[in-house]
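Please examine the sequence and the structure shown below before reading on. The explanation that follows is meant to be read alongside them.

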Amino acid sequence: MQVVNQDPYTHFLEPVPLDDMLSYAERFYGNEAEEIVEKVVKLLDIEDIVNRSVITLSGGQLKRITIAKALIPNPTILIFDEPLMWLDDVNGVEMFKAILKTLNDMGKTIIIMEHRFLHLLNFVNSMYKLMQGTLVKVDKSDVTKLVRQSFRRVVEGIQALKTSQSNSYREVLRLDNVWFKYGKEQWVLRDLNLKVYQGDTVVIYGPNGAGKSTLLRIIAGVLKPTKGSVKRFSKVMYIPQIPYLFLTEESIKKEIKELCNNRKVREDCFSRCSELLNRFGYDDLDRLPLHLSWGQVTRLATLLSINTINGDGLILLDEPFTGSTYLEAIALAETLRMFTEVAKIIVLSSRDYISLFPKARVYTLSNGVLSPLAYRDAHMFDKAAYRLIPP
Ligand SMILES: Nc1ncnc2c1ncn2[C@@H]1O[C@H](COP(=O)(O)OP(=O)(O)OP(=O)(O)O)[C@@H](O)[C@H]1O
Ligand SMILES: [Mg+2]
């Protein structure tokens, strides 16, 4: 049996995944290890990344490698915890589906915990809902009904929004001719230009390894552009793709207090944050943030950032819907949209969530180039998702 953990960073003992996989394979296959590793590397299409150091890989790239490693011992049972987390639509999800099919044909038993389960409905024999410690068998048609209901809520939310967007022309961020590469590697970003105004929502959609997280690090000031200029005209808050990095205190309560004090926002900051968190199910504020699940931490960091930044601020959200159910994603997006004065840049590797921001300016980031996406191409969530639901 093999368990593929949700967090890809916990999977490797050696800095370079290929070395790690080879020594792992040697335990099972001795001299034939190399051949076996070559096979799984090919299957997952990771030839060009498996030789690099773990810390230089993007989230989705690393996620792919963890799946490859799990296949090495040829297990009879495979348990995947959120395998689609961070995988992009085109290569990532499709690749995982192809692997599932291969494993299925080989007669393997597969257990999957997944929030983006719509993509997998056609592959599974049975579905269960795990809620408050109880596992309940659910019918696929009930799931379909639930998802349809949630889409209806998206549409209603969008209609309510039409009157509530700000139209400020105050610039909060400006990127001029930004180029970036890590050391002597290839260019990751090529000649990016972007202006963000107060109250703007900018969605940047791109495949794994496209440079989305790199771009946010540059905007946040964690990395400097190799060429070009970045001008920030307001406070910026950055929630990294690994959201645990955002939280530093030993309890949620302290986290809120620190943020409220540092940001010098409104007097009722603490009570507003607690109330908001309460609505999202955080009822024990004495809990250690590190003990929360991935989705809980991501939502916590996102909610705290939006509620403790001043109206003219900018927040940078790297994959904010990771670990959220469809309903939780909808609720989180609704809350983000309520803060109309705060500018937001949201990066996503899946188009599942783009339509949660119908007023957003949507860009694709691909081969280092940022290009605007036409409204009709960007907002295909409902249609694409509906297509996934069996009739
Ligand atoms: N510290 C680093 N050193 C060298 N290369 C890096 C480093 N960090 C990232 N890269 C490479 O830069 C490219 C862009 O990575 P980035 O993490 O920005 O992608 P991404 O679009 O966020 O991908 P994902 O959707 O998988 O999160 C990738 O090819 C990645 O392997
Ligand atoms: Mg990323």
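Predicted model: local features only at pLDDT ≥ 70, side-chain atom pairs only at ≥ 80, totals over all residues.

The paragraphs below treat a strand residue and its surroundings, then the salt bridges, and then a charged surface patch.

Is Ile79 buried or exposed? Its relative accessible area is 16%, and because buried means under 20%, Ile79 counts as buried. Apart from neighbours within four places in sequence, Ile79 is in contact with Met1, Gln2, Val3, Val4, Ile111 and Met113. A further comparison concerns Cys273: Ile79 and Cys273 are separated by 194 residues in sequence, and their C-alpha atoms are 37 Å apart in space.

One of the contacts of Ile79 is Ile111, which lies in strand S3, residues 109-113. Ile111 has a relative accessible area of 38% and is therefore partly exposed. Ile111 also belongs to a nonpolar surface patch of about 450 Å², made together with Met1, Val3, Ile77 and Met113. Met1, Val3, Ile111 and Met113 of this patch are also among the residues that Ile79 contacts.

The next topic is the pairing of charges. Side chains of opposite charge can pair when their charged atoms come close. How many salt bridges does a search of the whole structure find? The search finds twelve.

One salt bridge joins Asp88 to Arg64, with 3.6 Å between the closest N and O atoms. This pair links distant parts of the chain: Asp88 is in the loop between S2 and helix H4 (89-105), whereas Arg64 is in helix H3 (residues 59-71), and the two are 24 residues apart. Asp88 has a relative accessibility of 2% and so counts as buried. Arg64, at 10% relative accessibility, likewise counts as buried.

Another salt bridge is formed by the side chains of Lys101 and Asp105, at an N to O distance of 3.4 Å. Both residues lie in helix H4 and are four residues apart, which is about one turn of the helix. Lys101, with a relative accessible area of 48%, is partly exposed. Asp105 reaches 59% relative accessibility and therefore counts as exposed, since the term applies to values over 50%.

A further salt bridge connects Glu250 and Lys254, whose closest N and O atoms are 3.4 Å apart. Glu250 is partly exposed at 49% relative accessibility, and Lys254 is partly exposed at 36%. Elsewhere, salt bridges that share partners join Asp89, Arg116 and Asp352 into one network.

The last topic is the charged surface. Which residues form the negative surface patch? The patch consists of Glu26, Glu32, Glu34, Glu35, Glu38, Asp45, Glu47 and Asp48. Helix H2, which covers residues 33-43, supplies the largest share of the patch, namely three residues. Glu26, by contrast, has its place in helix H1, residues 17-29.

Note on methods: Residues numbered from 1 in each chain as written. Chains lettered and ligands numbered in written order. Heavy atoms only, no water. Patch = residues over 30% accessible without salt bridge, like charges linked within 9 Å, V, L, I, M, F, W, Y side chains within 5 Å. Areas by Shrake-Rupley, 256 points an atom, 1.4 Å probe, with all protein chains shown as cover. Salt bridge = Lys/Arg side-chain N within 4 Å of Asp/Glu carboxyl O. Lys, Arg positive; Asp, Glu negative; His and termini not counted. Charge placed at Lys NZ, Arg CZ, Asp CG, Glu CD. Buried < 20%, exposed > 50% of the residue type's maximum accessible area, 1.4 Å probe, protein only. Contact = heavy atoms within 4.5 Å.
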